[in-house]
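Open the model in your viewer and keep the selection tool ready. We will go from one spot to the next.

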Amino acid sequence: CGCTPESSTAMLLNLRPHNLVLLGDHKQLPPCSLVPPQDLKGTGHDRSMLERCVLASGQVHTLTEQYRMHPHICAAISRQFYQGRLQTAATTAEERFKHAETAGDPDAMVWAQVNGEETVPEDGKSYVNLAEVAATVAAAHRLRERHGPTATIAALTFYKGQLLALL
């Protein structure tokens, strides 16, 4: 998996595989670790083996067509990470636009500038940004007011501390 930390690779190699295939996106998912992220900074253990291999070889096969995201979301990610090369498949784009139109939401996402600060919760194991938590909760309330109490809302976060604050 692309988010396997370098320090865990030795355990995989101990299984003596004939081949080792690393899949994932080194530009998106950080390595998974039981060690708090702030403790990994500067240790050389804050990147995945996939990232190390890509940086060392310069060789990577990048997909250019995606089938999950709304085209507006894809466009933002494509600009940010892939120099505009990631595109949405035509059938996916049509389906996502039709769904958004039916739901009365022509935009798939809304950007909100939040001026907050990451802090470490008391357990010291993650990060939380209370300003982002407040903005996320407020946005969820606005969506519920607009679409009713049965609307499904997903809030994504990389940090367990942020997740716990959102609950």
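Is Thr92 buried or exposed? Select Thr92 and look. At 7% relative accessibility, Thr92 counts as buried, because the cut-off for buried is under 20% relative accessible area. Keep in mind that this is a predicted model.

**Stop 1: around Thr92**

Thr92 sits in helix α5. Now show what Thr92 touches. Leaving out residues up to four places away in sequence, its contacts are Gln66, Tyr67, Arg68 and Met69.

Pick Tyr67 from that group. Where does Tyr67 lie? Tyr67 is in the loop between β1 (65–66) and α4 (71–81). Set aside neighbours within four places in sequence, and Tyr67 is in contact with Ala89, Thr92 and Arg96. Next, draw a distance from the C-alpha atom of Tyr67 to that of Val54. The two residues are 13 apart along the chain, and the distance is 24 Å.

**Stop 2: helix α4**

Select α4. Which residues of α4 are buried? They are Pro71, Cys74, Ala76 and Ser78. Now show what covers them. The cover includes β1, β2 (87–88) and α5. An α-helix has 3.6 residues a turn, so residues three or four places apart point the same way.

Move on to Gln83, which follows α4. Gln83 has a positive phi, near 50 degrees.

**Stop 3: the aromatic pairs**

How many aromatic pairs does the count give? The count comes to two. Begin with Phe81 and Tyr82. Their ring centres are 6.1 Å apart and the planes meet at 55 degrees, so this pair is tilted. Colour the two residues by accessibility. Phe81 is partly exposed, with a relative accessible area of 28%. Tyr82 counts as buried, at 9% relative accessibility.

Now select Tyr127 and Tyr159. Their ring centres lie 5.1 Å apart and their planes are at 70 degrees, so the pair is edge-to-face. Why does this pair tie together parts that are 32 residues apart in sequence? Tyr127 lies in the loop between α5 (90–103) and α6 (130–147), while Tyr159 lies in the loop between α6 and α7 (160–166), so the pair links those two parts. Tyr127 counts as buried at 10% relative accessibility. Tyr159 is partly exposed, with a relative accessible area of 28%.

**Stop 4: the whole chain**

Zoom out and switch to cartoon view. The chain has seven helices and two strands. Trace them along the sequence, and the pattern reads α-α-α-β-α-β-α-α-α. The radius of gyration is 19 Å, well over the 15 Å that the globule rule gives for 167 residues, so the chain is more spread out than a compact globule. Draw a box along the principal axes. The C-alpha atoms fill roughly 55 × 45 × 25 Å.

Of the 167 residues, 22% count as buried. Then look at contacts between residues at least 6 apart in sequence. Of these contacts, 59% join residues at least 24 apart.

Finish by colouring by charge. The chain has 15 positive and 17 negative side chains. The centres of the two sets lie 5 Å apart.

How values were computed:
Residues numbered from 1 in each chain as written. Predicted model: local features only at pLDDT ≥ 70, side-chain atom pairs only at ≥ 80, totals over all residues. Heavy atoms only, no water. Phe/Tyr/Trp six-rings, centres within 6.5 Å; stacked < 30°, edge-to-face > 60°. Buried < 20%, exposed > 50% of the residue type's maximum accessible area, 1.4 Å probe, protein only. Helix = DSSP H or I, 4+ residues; strand = E, 2+ residues; numbered from the N terminus. Rg over C-alpha atoms; globule rule 2.2 N^0.38 Å. Contact = heavy atoms within 4.5 Å. Lys, Arg positive; Asp, Glu negative; His and termini not counted. Charge placed at Lys NZ, Arg CZ, Asp CG, Glu CD.
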